[in-house]
Amino acid sequence: MKKFLVISLLVLTVLSFAKVKIQFWHAMGGWRIEVIQNMVNDFMKLNPDIEVEVQYVGSYEEILAKTVAAVQAGTPPHVVQLNEISTQKMIDSGVVVPVQDMIDKDPTFDVGLFLPQVLNYYRVSGKLYSMPWNSSTPLLYYNKTLFKEAGLDPDNPPRTYSELIEACRKLVKKDEKGNVIRSGITWPLYSWFFEEYMALQNKSLVDNDNGRTKKATKATFNNEAAMNFLNLWDKLTKEGLMINTKRADWTAARQLFISQTVGMLISSTSDVALLMNESAKQGFELGTAFLPLPDGAQRGGVIIGGGSLWIIKQKDQQEINAAWKLVKYLAEPGPQITWHQATGYFPIRVDAIQTLQVQGYYRDNPHHLTAILQLLTSVQNYNTNGAIIGAFPEVRDAIETAVEKMISGSITPKQALDEAEKNANKAIKEYF
């Protein structure tokens, strides 16, 4: 009997110290892999009963495909990072635990501390489905040193399309043979910028209030706002004021700016830390500014980009609870400040921003503040909250394919817009 009791006690002791094991899949490559691992290590020190296997899986598209395959195989990961445009598809999948369900059962969690501009994207029909995490918007980066050399005011970046075009013309530099050795601007060939410029002019991408009051059934972007942006893109390209990259080639666009082959770059706020470091190495002064507007247009706002953290359904409630603890931790002020300073993705919490402001961080790092101010001054409505579309990747592909044809000179901006709308509508219809 004693032997039985001793064995029982040993079993209970072992069970009491057994760790709950969960998987966290993310899409952040490069130096960010180590940043994330260190944050998770800190989490595990605070939660010794939880073991987290962190895995860099690849792109957002790869994570989505691998998550679907893992769910079908009965071995789903617990927490996955996906981009913002996966929202409707993940809601429709039925494989997620909405974070709102966890928040409603957790009295320690105060959603009121989060920036509403961030929550508004991931909150659909009043329900928060995923935890905002790596949030970004586009910024105008410019080389103050080249601005001075070109006779431009380094403290007065372009605010309108006409000012942008004029600045590009002054930045262009040719060698003695007339070859262009420096151009005005670049940005990645990526539909996100098209979407941002729709919202910046307070226009929707799809119907039913950008897919937020009902599921989107058709595109609504074939209008003056879209023409404004495509005409700008076309003009910059034809005049040789812009260098275009291959589709979604963020690295090439950044390198053109870092090497001072162009004087301006439109890219994500997540590039702030990298470009601050690289500009210092290359010996030029970095400037950041809000996105320029079409002449005479009223500013709407920028849309949240980046990604969020999704909790995937599990058979074991303990694993779901552990996943919630991890997601909740990564959204706390400390980890958010670490993430913000290491990358440029801005904090998703008011208290994290307040802490940094009191510490004088934004006084010493004004480029980080530019991104936050552009977001905080954005009008909040369905247009600026961003579109929710089940076929969003296909819609983006339709836009990018049409733009590719436009910048190659094979079709006009109007033809590009017509084609993009036609193929976007086809994709949305097929999703149903």
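Two strands are taken to pair if DSSP finds at least two bridges between them. Helices (H or I, at least four residues) and strands (E, at least two) are DSSP runs, numbered from the N terminus. The structure is a predicted model, in which local features need pLDDT of at least 70 and side-chain atom pairs count only at pLDDT 80 or more, while totals for chains, interfaces and linings use all residues. Residues are numbered from 1 along each chain as its sequence is written, and side-chain values use heavy atoms, with hydrogens and water left out.

An open sheet of 5 strands shows mixed pairing and the order β9-β10-β11-β8-β12. Its edge strands, β9 (173-174) and β12 (286-289), each pair on one side only. Within this sheet, strand β10 (residues 180-186) is parallel to strand β11 (residues 262-268), to which 3 bridges connect β10. Ile185 stands opposite Met264 of β11. Helix α9 (residues 191-200) lies across β8 (138-143) and β11, and runs at about 85 degrees to β11.

Strands β1 (residues 20-26) and β2 (residues 50-56) run parallel and are joined by 7 bridges. Lys21 has Glu51 in β2 as its bridge partner. Together with α2, β1 and β2 make a right-handed β-α-β unit; a crossover is right-handed if, with the strands pointing away from the viewer, the path from the first strand over the helix to the second runs clockwise.

Helix α2 (residues 32-46) also packs with helix α14 (residues 317-330), at an angle of about 125 degrees and with the axes 11 Å apart. Axes are lines fitted to C-alpha atoms, for helices over the stretch in contact, and angles run from 0 to 180 degrees between N-to-C directions. The angle therefore makes α2 oblique to α14 (under 35 degrees is roughly parallel, over 145 roughly antiparallel, 65 to 115 roughly perpendicular and the rest oblique). The contact (heavy atoms within 4.5 Å) involves Met39, Val40, Asp42, Phe43 and Leu46 of α2, with Ala322, Lys325, Leu326, Tyr329 and Leu330 of α14. By class, 8 of the residues in this contact of α2 with α14 are nonpolar, none polar and 2 charged (Ala, Val, Leu, Ile, Met, Phe, Trp, Tyr, Cys and Pro count as nonpolar, Asp, Glu, Lys and Arg as charged, and the others, Gly among them, as polar).

Helix α11 (residues 224-238) and helix α21 (residues 413-431) cross at roughly 130 degrees, their axes coming within 9 Å; α11 and α21 are therefore oblique to each other. Ala226, Met227, Leu230, Asn231 and Asp234 of α11 meet Pro413, Lys414, Ala416 and Leu417 of α21. The residues of this contact of α11 with α21 comprise 6 nonpolar, 1 polar and 2 charged.
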